[in-house]
Amino acid sequence: MTTSWDLAIIGAGSAGYAAALRGAQLGLSVALFDDIPVGGTCLHRGCIPTKAWLQAAKVRRTVQKAPAFGISATLEATDADAIRAYADGVVGGLHRGLTGLLSARGVTVIAERATLRADDHGPAVEAGSATHRARAVLVATGATPVTLGLPVDGTRILTSEHALRLSALPDRAIVVGGGVIGVEFASLWADLGVAVTLVEAMDALLPSEEPGHSRVLARELARRGVDLRLGAGIESAEVDGDGDGVSATVGGERLTADVLLVAVGRRPATSGLHLEESGVRLSQSGHIEVDDNLQTSVRGVFAAGDVGAGPHLAHRGSAAGIFLA
């Protein structure tokens, strides 16, 4: 079966759904393909649930400091499962709103994994047994966590996606990576009562930011009990033989904890999409190469969001999707 669209989008994250909504608003026929719920990493596995956990951590910290303001308050147990339920409620509400908005705009959402096809007849998307021709195809499949080759098992050695699904907080945690993701989790876990060791191979946290900001952040985290190990890379990590913890070698020193979070960044999710077979050029880092109009090396095929080079930021992807539409 073959159908035809003005715009076919592979990936329903920030860049994809923004392009779909704006394209439909401008009168284009739009098909949005993804085999996971619309909203992408930001809504389901990144920005939104992380901010919900940060809000819960802020509430706990506020209660802890309440007596200093003359407010009587007793800090009791922290229920990680209940925090996760709170975060799921926030995500669920936003997801329902987004789904309704896409439907109201007339965007056709096809809940299947899709791949690119480009031939003499132009660009197309293949999903299941169907081929979807389009005037333009947008690849907006986002990014996945970098693991450094460590044996991530989702229980003791985690990525940020696993960390957001914890039903119980660890007593001790090692966070590898002093960028935005690592700092966020070190901050919220410390505020929730976890003993955190934060490991960063560079000499400063948030190494891409201004040094003064990094110094202020380091002082604040240290004041809140985070053990900072700057200028020290992780050499190895393994789950203990009994499965009850994890051991890591950092700067020649052996550290132990209940969990280890690998938070050293993300890489473009471009594998398995038949990009190179279709003639789409990738950079050495695996990002899709585009011109100033976000067009790839194949006419009619575009890319936006974290699959392209540059900061992996949801609002940047959303702006690119709107621009492209």
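Mentor: Bear in mind that this is a predicted model. Start with strands E9 (residues 172-176) and E10 (residues 195-200): they run parallel and are joined by five bridges.
Trainee: Which residue in E10 does Arg172 stand opposite?
Mentor: Ala195.
Trainee: What packs on the sheet there?
Mentor: Helix H6, residues 180-191. H6 touches E9, E10 and strand E15 (259-262). The direction of H6 makes about 165° with that of E10.
Trainee: And the sheet as a whole? How many strands, and in what order?
Mentor: Five, in an open sheet. The order is E8-E15-E9-E10-E11, and the pairing is parallel.
Trainee: Which strands stand at the edges?
Mentor: E8 (157-158) and E11 (227-230). Each has a single partner strand, so one side of each lacks a neighbour in the sheet.
Trainee: New topic: helices H3 and H4. At what angle do their axes cross?
Mentor: Roughly 135°. The axes of H3 (residues 47-65) and H4 (residues 80-105) come within 9 Å. The two helices are therefore oblique to each other.
Trainee: Is that crossing left-handed or right-handed?
Mentor: Right-handed.
Trainee: Which residues meet there?
Mentor: From H3, Ile48, Pro49, Ala52, Trp53, Gln55 and Ala56. From H4, Ala80, Ile83, Arg84, Tyr86, Ala87, Val90, Val91 and Leu94.
Trainee: How many of the residues in that contact are nonpolar?
Mentor: 12 are nonpolar, with one polar and one charged.

Notes: Residues numbered from 1 in each chain as written. Predicted model: local features only at pLDDT ≥ 70, side-chain atom pairs only at ≥ 80, totals over all residues. Heavy atoms only, no water. Axes fitted to C-alpha atoms, helices over the stretch in contact; angles between N-to-C directions. Helix = DSSP H or I, 4+ residues; strand = E, 2+ residues; numbered from the N terminus. Parallel < 35°, antiparallel > 145°, perpendicular 65-115°, else oblique. Left-handed = near helix turned anticlockwise from the far one by under 90°. Contact = heavy atoms within 4.5 Å. Nonpolar A, V, L, I, M, F, W, Y, C, P; charged D, E, K, R; others polar. Pairing = 2+ DSSP bridges.
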